[in-house]
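Welcome, and thanks for taking a look at this one. Here is a short tour of a helix and a few backbone angles to keep beside your viewer.

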Amino acid sequence: MQIFKNLFSKPLSIKLKVTSPNGFHLRPTARFTTLAKSFECDIKAKFKHKTVDAKKVNSLLSLSLEKNDTFSLIARGKEAQKALMRLQALFETLMQEDRETEQIKKEHSCYEGEILEGEIIAKGVAISPASVYKTERIQHESTLNFQDAVDKSIKALEERYETQKKSNNAEIYLAQKALLSTLAEKCNSLEALEHMIAEESATLKKTKHSAKISDYQDILQQVKTALGLEIKMHFDQGDFILLADDLLPSEIALLSKTRIQGVILKETAINSHTAILLRASGIPSLIADTSQIPLSSKIILDTYAGVAVLHPSSNDIHKATLLQKQHKKAKEDAASRRFEPASTIRGKTVKVYANVGDLLSAKIAKEEGAEGIGLLRSEFLFTSTKPSLESQIKAYREIFDTFEEVTVRTLDVGGDKTLPYINIPLEKNPFLGIRGVRLLKTHPKILAEQLHAIFLAAQGKKVKVMFPMISTVEEFRQAKSFAKEVAQKHNIEIGQIDFGIMIEVPSTLFLIPAFNEAVDFYSIGSNDLAQYLFAIERTHPLLKIDALSPVIFFALESVVKQATKPVSICGELAADSDAIERLVNLGFHTLSVNPKSVAQTKEIIRHV
Ligand code: PEP
Ligand code: MG
């Protein structure tokens, strides 16, 4: 870690680069400030000429940090060094996790009516009259004072988080809670809160974070509700496509009680919480200029193509109806058959496993129809402090219990993945340095403890152990001997455990005949394999790797042809709808994908 000491006042500072396409937005900021608050030191964030308190969500958000922006984190005080290390690790994890809202690709469309183009929030097709909602405001008597109302709202947000904890979106409520707590600290009346929110919203308006204004409005509305204001939203009784400037995240839940078919919003952004919740609720939604849409007349909303069709012809309606049916059926088929095995038309069965990082994602994978865990990214299990042996055993046991077959990868730290308790000396090219199995050279104790925990938790289970970043057969043999020594030292029988490697360093492509003599299985990490084949850093903001390049398929084919041990693939390519058929035809029998892609991957296999 780069820590520069200022000789005069002794603050420590690090630089952090925003790599998420969504910028450093509310949810990650809330997690970041929650951790920052736990340290006994002053922590500031500096970007361009502005310096703010990094323990306050709204202050940090006011920096409007976008992708590729680099800001400084400056800590001063007792726990300054520890705080920076932990915050850096968390920040990198947050940036990694936050990749869901890249622009959705548009499909080609051909309609006769007037086309209004937009940006896709959630895919689907709707054919219904366009309509707006009306609101009614009723102020009831309230016995609560301002502070009680804030406390009640915070409690309500906590409860909402608890009840939705299993969904990916629950953190929205934690983020709103953090925002409300920091804003309310400085206010002693509703008017003061309103004033502050108006000011903050005006600042955000000019930035890419304008999507967060709805979160500010949402928390204000929640405090007002706690103070007795009832806002009733009246929607059409029949089917309708809702037009609005924006919706508050808390209003999305109300939509499910109506016959809503689609949503067109004028002022939100694809990464807003409103948009995230719309996607989660599966309502076809678009961002477009609603002022051009005639109210009450039937329109088509085709969010596969990213368009609204105004004044559609009867041909258009026919076409959209067909499309709607096709997609609806495909989705329903995939979901209803997610627990069934996936076999191709010719009867070849391909197993669809999941890539998971913890117990929660393992449980989601089960619910989504995964047949096993093809990759347990163990480095995401313990991100903040070094876990004890006991807590590791517990975590592995719980995950191994979810599926009959689990492949656990030993720590793959290094490159873009860091852990605060694993200090890797500064490297010029971290992706080419100490990473994955190479930690044996620098941190053998940590790996030994991890293997010890895995072996104890794996007793009586079908668990496979996989080493990442293997580049030579000798390296694998050494890693396996190391693992065996750990087992011997603790008297644990590991005869049932298979040992394999990730194929992600290009040298392995040329060593398969020799590896066949040593390993029990292979798993292709196409993300890193592509990075190293093209010499393009996988997180590079400008350079993009062509995931479907013939070079990659050539490499995969050569492994499958030469391998005499089972080969699976666990990189992102395995869930790419344009790659699945080719992977199956190349001879893969197991694809390991992110939990949310399991049902769709199985359905694509069924059509091969
Ligand atoms: C890969 O490299 O393809 C892979 C699955 O591992 P990770 O993305 O965790 O490096
Ligand atoms: Mg990898």
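This is a predicted model: local features need pLDDT of at least 70, side-chain atom pairs count only at pLDDT 80 or more; totals for chains, interfaces and linings use all residues.

**The buried side of α11**

- Helix α11 spans residues 359-367, and its buried residues are Ser361, Ala362, Ile364 and Ala365.
- Around the axis these residues cover an arc of only 160 degrees, so they lie on the same side of α11.
- In general, an α-helix has 3.6 residues a turn, so residues three or four places apart point the same way.
- After α11 comes Gly369, which has a positive phi near 100 degrees.

- As background, most residues other than glycine have a negative phi.
- Lys48 is not a glycine, yet its phi is positive, at about 50 degrees.
- You will find Lys48 in the loop between β3 (42-47) and β4 (50-53).
- Lys48 counts as exposed because its relative accessibility is 64%, and the cut-off for exposed is over 50%.
- Ser64 is another residue other than glycine with a positive phi, here near 50 degrees.
- The loop that holds Ser64 runs between α2 (57-61) and β5 (70-76).
- With a relative accessible area of 13%, Ser64 is buried, since buried means under 20%.

**Side by side**

Key: Residues are numbered from 1 along each chain as its sequence is written. Chains are lettered from A and ligands numbered from 1 in the order in which they are written. Side-chain values use heavy atoms; hydrogens and water are left out. Buried means under 20% relative accessible area, exposed over 50%, partly exposed in between (1.4 Å probe, protein chains only). Helices (H or I, at least four residues) and strands (E, at least two) are DSSP runs, numbered from the N terminus. The arc is that of the directions from the helix axis to the C-beta atoms.
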